[in-house]
Amino acid sequence: MVTRFGRSIRTRLTLFAGIAMVLLSIVVNAFVLWAVHSTADDYRKTAVTTSALRVVHLVKRGALPTVIPSDLDGIQVVDSRGQVVASTDNLVGLPRMSTVVPDEFNASRMEVVCDLPHFRGQCEYMTVVRVYEHGGDWLVYVVDSTVPWYVHPAVLTFLIGISVAMVALAWFGVSRVVARTLAPVQELRDKLAEITSSDLGKRLPVPSQAEEIRSLAETANQTLDRLEAAVEQQRRFASDASHDLRSPITAMRAQVEEAMLHPQDAEWEEIGRALLSSLDRLQAIVTDLLTLAKLDAGSPMARDPVDLAELVAAETTRPRAKKLTTTLQPGVVVTGDRLQLARLLTNLLDNAERHAESTITVTVRRDDDGHAVLEVLDDGGGIAPDQRELVFQRFTRLDASRNRDAGGTGLGLSIARDIAQAHHGTLTLEDSDSGARFVLRLPIREI
């Protein structure tokens with residue numbers, strides 16, 4: 001089944017080929033017609049001149065008949081007194097057709113004349129030849145019609161027929177070629193149309209022939225792979241988000257329902273503190289979700305100079321439950337959004353505080369490759385190498401994290417990495433002697 005898209009391309013290409021063939025036929029036919037016209041024109045002039053010389057020969061031999069047989073339009077012989085003494089049968093009894101004579105020092109003259117008295121409404125080749133006789137000069141007039149621009153109706157009909165045939169052949173040929181060329185594309189399109197959001201596991205067949213179509217199918221399959229991964233991630237995200245939102249809501253509802261069953265025995269102040277704690281967790285989750293939505297949408301951000309040493313110094317003034325030490329190299333300046341970079345640092349510090357035994361170490365420096373480096377290291381139990389990428393997934397909290405602190409949203413590290421990528425940098429979890437070592441690398445701002 002040919003779709004509207006396929007028909008559109010096929011029609012446009014076929015129309016283009018047809019128009020191109022029409023233009024080519026016009027050019028070729030014009031050249032052919034010019035060549036044929038030139039040949040016919042020369043032949044007609046030669047015929048007129050030859051007939052005139054033949055009549056001159058008859059005059060000189062004294063064998064000129066009164067009626068001259070000829071296939072031309074007309075011949076007249078005028079004697080020295082200006083009287084018509086011989087002519088073709090169609091001009092018998094008619095007066096002299098023209099007063100045109102050769103120049104004084106020329107024996108002949110040829111020109112195109114129109115509307116002669118005997119040939120109204122048409123143009124003729126006319127040759128006038130002077131014949132030298134003892135009693136005076138005689139004149140031989142020979143005329144024949146000029147060659148029309150189309151030479152002959154048969155020539156015009158032949159050229160038009162050839163042109164129509166060539167245009168039809170080009171139209172049919174291009175239509176068939178385009179149809180065969182688009183057939184694999186149409187097959188890929190039909191397969192793509194069968195793939196829905198609930199069945200992203202299907203893939204397009206990759207043809208063994210047609211390198212361009214094979215490349216298209218491979219690229220489409222790669223896109224489907226990424227789409228399936230994105231949809232699966234979105235499903236997990238929605239599932240995890242609903243679970244993390246439902247847990248505090250369920251706890252709050254249970255606390256309120258229990259208190260309302262026995263309002264006189266309820267500890268309302270304690271219940272209020274518990275509800276506030278659950279509301280804080282809900283607010284943190286919602287805030288993180290909004291932040292992720294903005295990052296995913298690629299919202300515009302500031303592009304200001306940010307000194308990482310000053311940023312760390314400002315963000316580490318708040319007291320924390322664990323000891324915090326800093327090693328800051330001055331003059332490490334990057335380009336970015338200060339608020340987002342502060343959020344990144346805060347998320348790393350909060351994560352380190354939940355896992356550190358006693359100390360958190362923050363380092364700012366410039367590496368040998370010209371990158372700004374921010375490291376946050378804790379002295380906790382660390383993270384296994386096979387789980388280092390897992391911690392950056394949304395709503396991911398390892399078992400150790402859940403056991404130590406149930407207050408995290410599972411979005412902090414994911415947000416931190418998204419902010420790093422939005423600043424054309426990287427955030428990775430690298431080897432360390434003890435604890436977890438998060439390393440942020442950003443391009444240095446060129447002064």
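The model is predicted, so local features need pLDDT of at least 70, side-chain atom pairs count only at pLDDT 80 or more, and totals for chains, interfaces and linings use all residues. Residues are numbered from 1 along each chain as its sequence is written, and side-chain values use heavy atoms, leaving out hydrogens and water.

Buried residues of α6 include L341, L344, L348 and H355 (buried is under 20% relative accessible area, exposed over 50%, partly exposed in between, with a 1.4 Å probe and protein chains only).

Now the rings. Phe, Tyr and Trp rings (the six-membered one for Trp) pair if their centres lie within 6.5 Å; planes under 30 degrees apart are stacked, over 60 edge-to-face, the rest tilted. The count comes to three aromatic pairs, two of them shown here:

| Pair | Centre to centre | Angle between planes | Type |
|---|---|---|---|
| F31 and W34 | 6.2 Å | 35° | tilted |
| F392 and F438 | 6.0 Å | 85° | edge-to-face |

F31 and W34 are three residues apart in helix α1, so about one helical turn separates them. F31 is exposed at 56%, and W34 is exposed at 56%. F392, in the loop between β10 and α7, and F438, in strand β12, tie together parts 46 residues apart in sequence. F392 is buried at 6% and F438 is buried at 1%.

Note on methods: Helix = DSSP H or I, 4+ residues; strand = E, 2+ residues; numbered from the N terminus.
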